[in-house]
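Dear colleague,

Please find below the structure that I am handing over to you, with its sequence. My notes on what was found in it follow.

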Amino acid sequence: MPKSVTGFSKLTKEEKINWIASNHFFNANEAIQTIKQYWNSDTDLQQLHDEFIENTISNFYLPLGVAPNFLINGKNHTIPMVIEESSVVAAASKSAKFWSTRGGFKAIVLNSEKIGQVHFIFEGDAQKLNQFFKGIKSKFFAETESITKNMQKRGGGILDVELRDKTTELENYYQLHATFETKDSMGANFINSCLEQFAKTLKNEAEKHESFSSEEKNIEVIMSILSNYVPNCTVRVEVSCKVAELAEKNIPDPFAFSQKFVQAVKIAEIEPFRAVTHNKGIMNGIDAVVLATGNDFRAVEAGVHAFASRTGKYSSLSHAKVENDIFTFWMEIPLALGTVGGLTSLHPLVKISLEMLGNPSAHQLMEIVAVAGLAQNFAALRSLTTTGIQEGHMKMHLNNIINQFNVTDAERSAIKNHFKTNQVSHSAVVDYIESLKK
């Protein structure tokens, strides 16, 4: 069991690595070598990465791939994707090519409102609190002008501040519920700075409000923080074509395929066990682009899954129908993204990704990210309702299995040729490698 350490954050990078190696690894030298193997030889670039987070010891690589041929609102895109899971980029690319000859993807941002809240306890008369709030509401805007002036110049700022009574759910609990427009930035720091000033204004004004009792003047602010649930920051994306135009090699009967596809989506709409996996497939595409563009995939995930549960039951994010011989597949999804600030101006590969996309605005990035999610979902459902999900996935996964073994180039070629016509599984690959070695 490793011994505890004090002052770890004050150690140099080398000292941190040496402590970790000596306390956690049987072969300390080998561990140090592996950790340092992933350092960038450009010291300035490595320092940039070191300063993204705390207690940095190395870089953890994930592949950056690209999916070309995405026709979105009449414009072609090559979409960067950061993900470790095989077949995701290939599936997105296949969907992009499929729909590029059938009208492409249509996307539109429905709204871009973000939310922050000041959570507080007020022990007193709710009517008096309401009157007090109405009297000081303008001060929330006035006393944040130094924070909001630059955002206002870009067309953003504070949209509204409401008082919400939550006392039926938690005794004496109220909120200042604020809405914001942050334009091309994700806006977390901006929103949180505004909220903390709101909290100060609330407390200061309450302390000198003549109608409040001494107890009512003592408002207790619990916390001031943005919400990653953004149901009014949404984008809609869809694909559609005549049913007959769905025909391809694996879809010989497009009508039967469209009916089966719609049923598969309806199952995800009513069955939470299926909906979770269905939506995970959507997030394969979304998270990969969110990561590539330096945005916060954890915030996106949390908000999306809350949105999927907004009716009280977890359900599919995507929907499908056939009406008047037209197949339509669509999705509305909340996405709070930014193209300025944070890693977008620091990480060299994030800059590359954004330039690859044509340096989009936040609204344009919302559309691109949502398209990647819908494309991924279409690819998964097409496989599930035709050849099955494993055929394509396991062939893409074959390299990962082979790389676990020490094989020659000739053996690798033989393995790939063999599994062009044989089912891929870990045990089947192991057995075939053993037969080659013999």
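**Helix α10 and its ends**

E271 caps the N-terminal end of α10, with a side-chain oxygen 2.9 Å from the backbone nitrogen of F273. A polar contact here is a pair of N or O atoms within 3.5 Å; within protein, one must be able to donate a hydrogen and the other to accept it, and residues adjacent in sequence count only if both atoms are side-chain atoms.

Please note that this is a predicted model, in which local features need pLDDT of at least 70 and side-chain atom pairs count only at pLDDT 80 or more, while totals for chains, interfaces and linings use all residues. Residues are numbered from 1 along each chain as its sequence is written, and side-chain values use heavy atoms, leaving out hydrogens and water.

Helix α10 covers residues 272-292, 21 residues in total. From first C-alpha to last it reaches 29 Å, close to the 30 Å expected at 1.5 Å a residue (the expected span is 1.5 Å times one less than the number of residues). Helices (H or I, at least four residues) and strands (E, at least two) are DSSP runs, numbered from the N terminus. At M283, α10 bends by about 30 degrees, the bend being the angle between axes fitted to the seven residues ending there and the seven starting there. After α10 comes G294, whose phi is positive, near 75 degrees.

**The sheet around β6**

An open sheet of 4 strands runs in the order β5-β6-β4-β7, with antiparallel pairing. Its edge strands are β5 (157-165) and β7 (220-226), each of which pairs on one side only. Two strands pair if DSSP finds at least two bridges between them.

Strand β6 (residues 173-181) pairs with β5 over 8 bridges, and β4 (residues 114-121) pairs with β6 over 8 bridges.

In β6, 9 of its 9 residues are buried (buried means under 20% relative accessible area, exposed over 50%, partly exposed in between, with a 1.4 Å probe and protein chains only). Y173, Q175, H177, T179 and E181 lie on one side, and Y174, L176, A178 and F180 on the other.

**Cysteines**

The structure holds 0 disulfides, a disulfide being a pair of cysteine sulfur atoms within 2.5 Å. For C194, the nearest cysteine sulfur is that of C233, 16 Å away. C194 counts as buried because its relative accessibility is 0%; C241, at 5%, also counts as buried.

Yours sincerely
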